[in-house]
Amino acid sequence: MKRYDVIVIGAGHAGLEAALATSRMGLSTLCITLNLDNIALMPCNPSIGGTAKGHLVREIDALGGQMGLTIDKTLLQIRTLNSKKGPAVQALRAQADKILYQAMMKRTLEQEKNLSLLQAVVTDILVKNDRVYGIRTISSLEIHAQAVIVTTGTFLNGKCHIGHTQIAAGRIGEPPATHLSASITGYGIQKGRLKTGTPPRILDSSIDYKGLEIEAGEEPMPHFSYLTQKRSLEQIPCHITHTTENTRKVIEDHLHLSPLYSGQIEGLGPRYCPSIEDKFVKFPDKPSHLLYLEPESRFNHEVYLQGFSSSLPHSVQIKMVHTLPGLEKAKMLRPGYAVEYDFFNPIQLFMSLESKIIENLYFAGQVNGTSGYEEAAAQGIIAGINAANKIHQKPPIGVSRENSYIGVLINDLVTKGTKEPYRMFTSLVEHRTFIRHDNADMRLTKIAYEAGLANETRLKNLKAKRDGLDQIQSYLKDTQIPGENIPHSVKTSPYSGKKSLYDLLRRPELNLETLQIMEPKLRNFLACFCEEIRKEAEIEVKYSGYIQKQKDILKEREGLTELRIPTDMNYDLIVALSKESRQKLKEVLPQDVAQASLIAGVRQSDLALLINHLKRQQI
């Protein structure tokens, strides 16, 4: 009988990051998927990154993951979002060549040492004494392992909807996994039902682009991965169109045919990515909705109609598409559809993404109630690292709410659970001035290196970057400019005596460009550093006050994090706890007081009782 250290079920964005992490950490890993040709498939939007999602991709890369490296090599265009806003909300978004991305990811997995691939249908997880020890396939093949990671995406009892038509599928054209969900819930793991969807695809040559707004890529090209060098690729533009009053009329006339409103669909859909029919129902006063025409590959002529997700009948979708400017004669290649699937309650997971019910069983991705490739990949790499750490008898990696978007994502899931597909937003991150897109490597690469995933090259790059930042900041502190020497072209408040370039840079109206006008020697000095280091040095100086305040807050919370709560904690011994707080604490089983403080329904007075109880136990 074949035996591995780790088995990963699924080879989507969560599964591949989990499998690569465990294999790169020296463990024999088997990645099982329904179809090897669909590894890393992008069934919905052909893009990586976006607001908050771009932060996740950078953090995955800083940890030693693959997503950033692959999208940098296979993109169609890339640009910085929110570039006119502060650095806390800036993020990258790349339009992906979904065919090339998928092919390159598959090749990466095939070439990875310690990693084996298998096309098979998993029907059961094998458990003994509340500990997983392997899986069974539909052909009765048993494969054993020390840990199993479930990353099944939308395939568990998947059902696709186009109008009143229902198709048993995880994605259109792919069969669902119909046995595994029952096997998992048979051990007491709670499941729910969610829904997501995708829009129609349009033939490129049938679109009239004249008069449509162009959205081009950014030059010079930024990059997600800290390992990516400068490269030159032809960037392909996207275009913008919008819905019209005719679109509204077609939808309203056929709304009774929508499975969303007929009661046919049970699962809740994503709040922040609704279908086009849902947009018109929920926002009746909005005259139109922006739509994006996004090419899917250099190797085909399909265009993704971003923002136009629908599960209305095929014939109705054609009428809807023809009401859009530029698409009056468009040919629809594939209809949009909705997909329902099983997910498991993430409150039943530890922060490591290990099950609280079955030891060494991990869950990652949409199966935990999230939406998006980036959220899935972020969970995948953490599940992989932590499964490897446990086998190596090490503690879980130190990714937390205080140091990463990934930490916020996982903390929200395991502390609060979700009843709808969870999507990452910058507004969910309390310390976003410190936890920025640009400094993911500064926050995470060292701990990933210590865990055994981030390689020596990443650590050397990090040291070189930190040295560069320190050199620039030292130069700015050591160089002083007399007030009378400020050129008239530089608009800033006058001052007497001298001020350092460092102090001047903290003024909102000044930046490194204007400082070079004030001190010409600075230009030659900065030329020794790449743009990324120059930009991050400026951010660190300009926002130093805010960053220090957030670090002080994080320091205060360290005490709560250090107050660990035993997994077998008997909350009934704290007799003064309110009934609601006791119930919530038993349900979530927080790993420390910091996590307990975030549980909805746990009172501050009860938190104080818990802290006193833990301190007495320690004494």
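Visitor: Hi! What should I know before we start?
Guide: This is a predicted model, where local features need pLDDT of at least 70, side-chain atom pairs count only at pLDDT 80 or more, and totals for chains, interfaces and linings use all residues. Residues are numbered from 1 along each chain as its sequence is written, and side-chain values use heavy atoms, with hydrogens and water left out.

Visitor: Great. How many salt bridges does the structure hold?
Guide: There are 37, counting a side-chain nitrogen of Lys or Arg within 4 Å of a carboxyl oxygen of Asp or Glu.

Visitor: Which residue does Arg443 form a salt bridge with?
Guide: Its partner is Glu59, with the closest N and O atoms 2.9 Å apart. The pair links distant parts of the chain, since Arg443 is in helix 11 (residues 440-451) and Glu59 in helix 2, 384 residues apart. Helices here are DSSP runs of H or I with at least four residues, numbered from the N terminus.

Visitor: Is Glu59 buried or exposed?
Guide: Buried, at a relative accessible area of 0%. Buried means under 20%, exposed over 50%, and partly exposed in between (1.4 Å probe, protein chains only). Arg443 counts as buried too, at 11%.

Visitor: Switching topic: where does Lys53 lie?
Guide: Lys53 lies in helix 2, which covers residues 53-62, and is buried at 10%.

Visitor: And what is Lys53 in contact with?
Guide: Leaving aside neighbours within four places in sequence, Lys53 contacts Ser371, Gly372, Glu374, Glu375 and Arg423. Contact means heavy atoms within 4.5 Å.

Conventions:
Helices (H or I, at least four residues) and strands (E, at least two) are DSSP runs, numbered from the N terminus.
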